[in-house]
Amino acid sequence: MATINIPTPLRKFTDQKRNFETDRQTLSDAIDHLVATYPGVKNNLLDEEGKVRSFIKVYIEDNEVNPNENGSVELSEDTEISIVPAIAGGI
Amino acid sequence: MNNWNDVEFSKEELGHYSRHLTIPEFGMEGQKKLKAAKVLAVGTGGLGAPMLQYLAAAGVGTIGIIDFDKIEASNLHRQVLFGVSDIGRPKVEVTKERLLEINPHITVNVYETQLTSENALDILKGYDVVADGTDNFPTRYLVNDASVMLDIPNVHGSIFQFEGQVSVFNYVDDEGNRGPNYRDLFPEPPPPGLVPSCAEAGVLGVLPGIIGCLQASEVIKIITGIGEPLAGRLFLFDALSFKTRTVKITKNRENPLTGEHPTLTELIDYQAFCGIPGQGQEAELNIPEVSVQEYKEWLTHGEDIQLIDVREPHEYEIAEIGGELIPLNTVLDHADKISRDKKVVVHCRSGKRSADAIRQLRDKYGFNNLYNLKGGILAWSKEIDESVPQY
């Protein structure tokens, strides 16, 4: 099962769960699985065309994923996917 | 960082810095570089408080601090530069006092103003490093763009609830390679309201302490040239799971500042860039408002008014003024609970989310009887009922 790390701003849509495990084989299927399980995530993660929004980065291990290649990115049993949104807090 | 060779120390300074001087990689050279350096901290809040204390203690010769806020009680759980007796005083004024108490051998420049497109280049110019500890996206992009235009490394820290991010932007290494900047990481900001601020969403008090200290460490590394700055990488920290990760930041060919076809050659209107309406535009949105005094008068005169509270349940637990709780992100789903045949006052903490709720309800369902409570529950607490807690 690949694991998606859910960032704090999205956790209010995932019942505060910090990780999401998926048996899907590609990144785009894994994201679809996440969104289908937690529909509230959708508008905050994806734009109208279903692409990851431009203020959010997706990483597999330590490397950024090109948002246009989500469909072709294959996942293995122990792949760790991180969703990293822009956050601005500081004071 | 210029002319550090000529820097001299008094006997008192040598005593103050002795534990730095005894680190072989740091030594007198590192300490001289620190004393010759000028660092500008943008924001003297949660991130700035720990960072500035360490930079001052470490002996950064000139520290600039820019902030226009005054100290409030809600700052004190994390902004450890300040105490209860400082409430109401300008942050920069108290910060300067504390920093000079920590280290009288440094110079502290104070800018009690908001960083804007008009003043940013003048203020940043002459500093060797900028440390960004602000709390909003427009200023993040402004600091980024100004530091790129002035060729200054930008040590970035940001926090949200239990999570922090750190990076060093616009860093030029010894071989002249320029690292990525904030626009490479996040080409565009989120739309207003999608990522709540710390004021709305809260933050674990100790988190900015951790992230601000990491910023201080990166500033010191950049100045002294020791170690490898966090350039081209983004450090992620989750206090809840104690997971840390350092991911790579790739350059964006379409970066309007440093990409293949740069189009940004001067600072822009960052409020507009972040989709935040300016004063004129806000008036165009024409959201009807009611002051807390007017609303109180309506109640006193026995008017039949529905009060809707669009904050989150945990905020309602802290303080409430009798409103019906319908959180902003569910307001369209519960439009049937909102009256159409009498005045409806909508409130949140400060008035921003309630304005957004009214706009959504008006645009989607045509409500024309909604009034935004100006200043929200905070204004109610300040002007009408002091027993309502402020948070």
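In which sense do strand β3 and strand β5 of chain A pair, and over how many bridges? Strand β3 (residues 56-60) and strand β5 (residues 80-85) of chain A pair in the antiparallel sense, over five bridges. This is a predicted model. The predictor gives the complex an ipTM of 0.91 and a pTM of 0.84.

**Confidence**
- Chain B has an average pLDDT of 93.
- In chain B, 96% of the residues score at least 70.

**The sheet in chain A**
- Strands of a sheet pair through backbone hydrogen bonds, either parallel or antiparallel.
- Chain A holds an open sheet of five strands, and its pairing is mixed.
- The strand order is β2-β1-β5-β3-β4 (chain A).
- The edge strands are β2 (19-22) and β4 (63-64) of chain A, and each pairs on one side only.
- Within the β3-β5 pair of chain A, A:I56 stands opposite A:P85 in β5(A).

**A helix across the sheet**
- Helix α1 (residues 27-37) of chain A lies across β1 (2-5), β2 and β5 of chain A.
- α1 of chain A runs at about 120° to β2(A).

**Two packed helices in chain B**
- Two packed helices are described by the angle between their axes and the distance between the axes.
- Helix α4 (residues 48-58) and helix α5 (residues 91-102) of chain B pack at an angle of about 35°.
- The axes of α4(B) and α5(B) are 8 Å apart.
- α4(B) passes α5(B) in a right-handed crossing.
- From α4(B), B:L52, B:Q53, B:A56 and B:A57 meet B:T95, B:L99 and B:I102 in α5(B).
- By class, this contact of α4(B) with α5(B) has five nonpolar residues, two polar ones and no charged ones.

How values were computed:
Residues numbered from 1 in each chain as written. Chains lettered and ligands numbered in written order. Predicted model: local features only at pLDDT ≥ 70, side-chain atom pairs only at ≥ 80, totals over all residues. pLDDT = per-residue confidence, 0-100. Axes fitted to C-alpha atoms, helices over the stretch in contact; angles between N-to-C directions. Helix = DSSP H or I, 4+ residues; strand = E, 2+ residues; numbered from the N terminus. Left-handed = near helix turned anticlockwise from the far one by under 90°. Contact = placed C-beta atoms within 7 Å. Nonpolar A, V, L, I, M, F, W, Y, C, P; charged D, E, K, R; others polar. Pairing = 2+ DSSP bridges.
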